[in-house]
2 protein chains.
Amino acid sequence: MKLKVRVLDLEADHPIVVLNKEDARKIGVYSGARVEMRFGDEHVVAVVDETEKVVPPGEIGLFENILRKFSSVPKELEVLPSPDPKSVLYIRKKLDGRRLSPDEIHEIIMDVVEERLTSAEAAAFISASYIYGLNLDETVALTNAIVDSGEQIRIDKHPVIDKHCIGGVPNNRTTMLYVPILASLGFYVPKTSSRAITSPAGTADTMEVLAPVDLTAEEIKEITETVGGVMAWGGGTRIAAADDKLIAIRRPLALDPRGMLLASIMAKKKAVSSEYVLIDIPVGEGAKLPTVRAGEDLAKDFITLGERLGMHVKVVITDGSAPIGRGVGPVLEARDVLLILEGKGPSDLREKGTELVAHMLSFVKDMDYETAKKLAERQIDSGAALKKMREIIEAQGGDPEVKPEDLKPAKYSETIYAERDGVVTRIDNKAVATIARMAGAPFEKGAGMYLHRVRGDRVKKGDPLYTVYSASKRLLKDALELGLKPYTIEPR
Amino acid sequence: MKLKVRVLDLEADHPIVVLNKEDARKIGVYSGARVEMRFGDEHVVAVVDETEKVVPPGEIGLFENILRKFSSVPKELEVLPSPDPKSVLYIRKKLDGRRLSPDEIHEIIMDVVEERLTSAEAAAFISASYIYGLNLDETVALTNAIVDSGEQIRIDKHPVIDKHCIGGVPNNRTTMLYVPILASLGFYVPKTSSRAITSPAGTADTMEVLAPVDLTAEEIKEITETVGGVMAWGGGTRIAAADDKLIAIRRPLALDPRGMLLASIMAKKKAVSSEYVLIDIPVGEGAKLPTVRAGEDLAKDFITLGERLGMHVKVVITDGSAPIGRGVGPVLEARDVLLILEGKGPSDLREKGTELVAHMLSFVKDMDYETAKKLAERQIDSGAALKKMREIIEAQGGDPEVKPEDLKPAKYSETIYAERDGVVTRIDNKAVATIARMAGAPFEKGAGMYLHRVRGDRVKKGDPLYTVYSASKRLLKDALELGLKPYTIEPR
């Protein structure tokens, strides 16, 4: 059927075309079905959205993203039903409980990344993967497919190491210690991190206080090979491109099929040619996993998958039941990191950072843990780690002379004091995150919190517990009026 | 966060709002998450679609369907994250393999019909229902929820009877015999039917040749109560409103969870207060179910569900391996029906129509089948059924004086002849449907095919097999050039 093109001045994420209901019926399609549009020798496939109003009969509504697929703007298109992509059959196969071959998984992932599948179709794939699970072969295939879906970085120096924390704990900015310390010891660390989604800061948000993090794959390669380490924002590259699309569908349903979670993380490591990967799994109340046992179970899967992918994986299960470090929010966290590298700063974060380094050193260099831990400490105390951090900051385009005192929190603040004597027995991760976000973190870099007391500290009535910072009086008030009490103080 | 309203001159099926990526991050949401928009005392919830281009930071893009939810057009809105509807939790519960309560299913279905769930969320529900199945309690609850989701028609006369064919066989226009015959015998038949989606004609398309079928619920009630029968287009009402939405998501994946299929059909019967329902399940090569056994299995489920819903259900398994009747396409099928009611027309369709009537009569009136069959024949032979058909046509607003010879097929035609002597051993349902659709059916009412020979007929080389009709020379040519051979002729 020939239809006149109506340009709709909008951008859609998906290849959607708008057809009048009447024409859709005539062509024999309906919302969610696919049509092929022919314009000379060019063929473009898109998914139909039926309308009764926007587009009159005889016309087809095209968004900008579809128009760009044609070499010039067509006036008229021949529109006919198009068969579903083969990946729809493979999704059906999974829905019927059958295992998928690597080729089938590859096809599904390519169709996800090229937006050839609708979100309903992708959701069906994710649901079936969740219910039946993905076995090891499928998880390996999924990881490889996600790697193939995006850019890959080949690092020509060795050993290339990486690290990943499954998250859930505020501050906990160990990456920014781990990377400079290990780079100062001759390792190559092409670290990509995410921005915060529901937390007060992601590593990318915090590193951005010190230097630009929106780097290309080329820049990541070059900085890693010359300086030894980089801390870039993963979302700025097209590394593991399919992953973002899968996450966008998993998120609303909080649907994390184990195999998909593993593949998502490991694909990002494989795509930057990591040889050794340290996985940090914080467990405890308020963390993503409640118990050590749950952590160990996940650890086993990471190690098995790593073996199949030709990567050496070590997993460390850490205490995730309270914040780590004092600052919460990009500027305050970056300040903690610089302070630690200067030999000062919060001891819990320094401790956790050097422990992770020691685990990696003992893993790669076959060094005993105690020696490795001392080596990590020495790199801080000698100033070698700080020097490396400054090189990394400079290579990424930041000011290498930055000092902790340059990093100023937002101008409005209010401090909360202890209402009784006692011991801090608990600091609630979620309450800390919620207050810091309400105050403006991570978008307002200087917003957040400073924790004057950590878990286990004794306090007297009237001692400062924490200070909330915000660039806006109103947001500061909103954050305080949430009525959350992150600190639990019990009599000794 | 306060955002300026940008009106997007488009209509969406879903409650989507467009946010700049930057603002989405600031609010702490992402594509697929929900936001609440506050305008004075008014609160509207919608799903976020992130953009980098269409809407600049500081603005929120609203489609017409969202704008209408406000009492006036807002200039600025307070936008904040909104929790997911509770039904998302129930969908998760189903994904975890747990059974849902009637209230939980009701909530999901209401959120589907009110568009509070995204298509990805609805697809997850359908996928989980497909994989784990819906047990009888869940299916009953789903049926009731679908009934509640739309209009209901109470018929105050008795007995109210209905009929459903699970489809898949071209022509097979038994409803148009069944309704007038049973209405002429004092039954009340509020029949709603669908239009064709992938077939050359639905009952609604064919009935529309004789009278308008786009009736309101009120009209369906009134015509049923006064004339005894009606043949309306179900899509023109809001009966079982949720069903259309569920089907739109199931269709692309061809995902028909058994319980959902049953609920979809039975909800439409319950919503028009049917007391007795006859289900026709055609089986055989080219039909929807391949074997009698598969048909019997489905039949059992219909009967059990009917019992729980307080409806009497009888199932008839019929031969669906070839077209039934001679005409294919709205006009040609309507002509067959009128001819049969005049005592002429194709015997196979007359036979199947009267058989179905006999099954219903013997079921409701406790009459033996042979007597019931004779009664059905008598209603045709006496002209009572034709008289009733004319009353129905008139009540729906058509011309009661219509004659078969008034129903003229489209003006271009070509006849295909037998290439050899033999017996017609097979007529391929799918080939017939494809040729008739390509010729223009059901949108061009006069387009379609006429089958000169039926299965079992002896033919000589040169005998006419079928004629294709089209309103367009080009479509006629296209239909013939498909190269399909619907007839199989074998030597005796």
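This is a predicted model: local features need pLDDT of at least 70, side-chain atom pairs count only at pLDDT 80 or more; totals for chains, interfaces and linings use all residues.
Residues are numbered from 1 along each chain as its sequence is written, and chains are lettered from A and ligands numbered from 1 in the order in which they are written.

**Where the chains meet**
- Chain A puts 40 residues into the contact and chain B puts in 40 residues (contact: C-beta atoms, placed from the backbone, within 7 Å).
- On chain A's side, the elements giving two or more residues are helix H1 (21–27), H3, H5 and helix H10 (241–253); helices are DSSP runs of H or I with at least four residues, strands are runs of E with at least two, and both are numbered from the N terminus.
- H5(A) gives the most to that side, with nine residues.
- 100% of chain A's interface residues are also interface residues in chain B, so the copies meet through the same surface.

**Helix H10 of chain B**
- This helix (residues 241–253) bends by about 25 degrees at B:Ile247, the bend being the angle between axes fitted to the seven residues ending there and the seven starting there.
- Its buried residues include B:Leu246, B:Ile249 and B:Leu253 (buried: 20 or more other C-beta atoms within 10 Å of the residue's own, with C-beta atoms placed from the backbone).
- The buried residues of H10(B) pack against both chains: H3 and H5 of chain A, plus H4, H5, H6 and H11 of chain B.
- Just after H10(B), B:Ala254 takes a positive phi of about 50 degrees.

**A sheet in chain A**
- Four strands form an open, antiparallel sheet in the order S12-S15-S17-S13; strands pair if DSSP finds at least two bridges between them.
- S12 (327–328) and S13 (412–417) of chain A are the edge strands, each pairing on one side only.
- Four bridges join S15(A) to S17(A), and A:Tyr450 has A:Thr467 as its bridge partner.

**Domains**
- Chain A is divided into domain 1 (2–81), domain 2 (86–133), domain 3 (161–236 + 291–395) and domain 4 (409–490), with bounds from an automatic or database domain assignment.
- Between the centres of domains 1 and 3 of chain A, taken over C-alpha atoms, lie 48 Å.

Key. A residue is buried if 20 or more other C-beta atoms lie within 10 Å of its own, exposed if 12 or fewer, and partly exposed in between; C-beta atoms are placed from the backbone. Two residues are in contact if their C-beta atoms, placed from the backbone, lie within 7 Å.
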